[in-house]
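Please open the structure in your viewer and keep the selection panel at hand.

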Amino acid sequence: TIVPDISGETVFVYSNGKAIQKKVITGIRDAKKVQVIHGISPGDTLISSGIIQLRDGTDVKISEYEN
């Protein structure tokens, strides 16, 4: 989930039990997808829920669920 910020756009990634906020540069968008052209790496785990409650460095726990 892309989060608008006063300094640009950011995402939260999961790293060692923490939510880490990273600035990103986006490219092409459509109704369902956003291209991120800079700011994250292959293999990063993006956090896509609970974004409103997150701050950089917040402790997080990843839980698995089935649709």
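This is a predicted model: local features need pLDDT of at least 70, side-chain atom pairs count only at pLDDT 80 or more; totals for chains, interfaces and linings use all residues.

Residues are numbered from 1 along each chain as its sequence is written, and side-chain values use heavy atoms, with hydrogens and water left out.

**Strands.** Select residues 8-15, strand β2, and residues 18-29, strand β3. Strands are DSSP runs of E with at least two residues, numbered from the N terminus. β2 and β3 pair in the antiparallel sense over 7 bridges; two strands pair if DSSP finds at least two bridges between them. Val13 has Ile20 in β3 as its bridge partner. The hairpin of β2 and β3 has 2 residues between the strands, and Asn16 in the turn has a positive phi of about 50°.

Next, select residues 34-38, strand β4, which pairs with β3 in the antiparallel sense over 3 bridges. Here His38 of β4 stands opposite Ile25. The hairpin from β3 to β4 runs through 4 residues.

**Thr10.** Return to β2 and select Thr10. Is Thr10 buried or exposed? Thr10 is buried because its relative accessible area is 3%, and buried means under 20% (1.4 Å probe, protein chains only). Its side chain makes a polar contact with the side chain of Gln21 at 3.0 Å; such a contact is a pair of N or O atoms within 3.5 Å, one able to donate a hydrogen and the other to accept it, and residues adjacent in sequence count only if both atoms are side-chain atoms.

**Core.** Finally, select Val3, Phe12, Ala19, Ile47, Ile51 and Leu54, the 6 residues of the largest nonpolar core. Such a core is a set of buried Ala, Val, Leu, Ile, Met, Phe, Trp, Tyr and Cys residues joined through side-chain atoms within 4.5 Å.

Notes. Buried means under 20% relative accessible area, exposed over 50%, partly exposed in between (1.4 Å probe, protein chains only).
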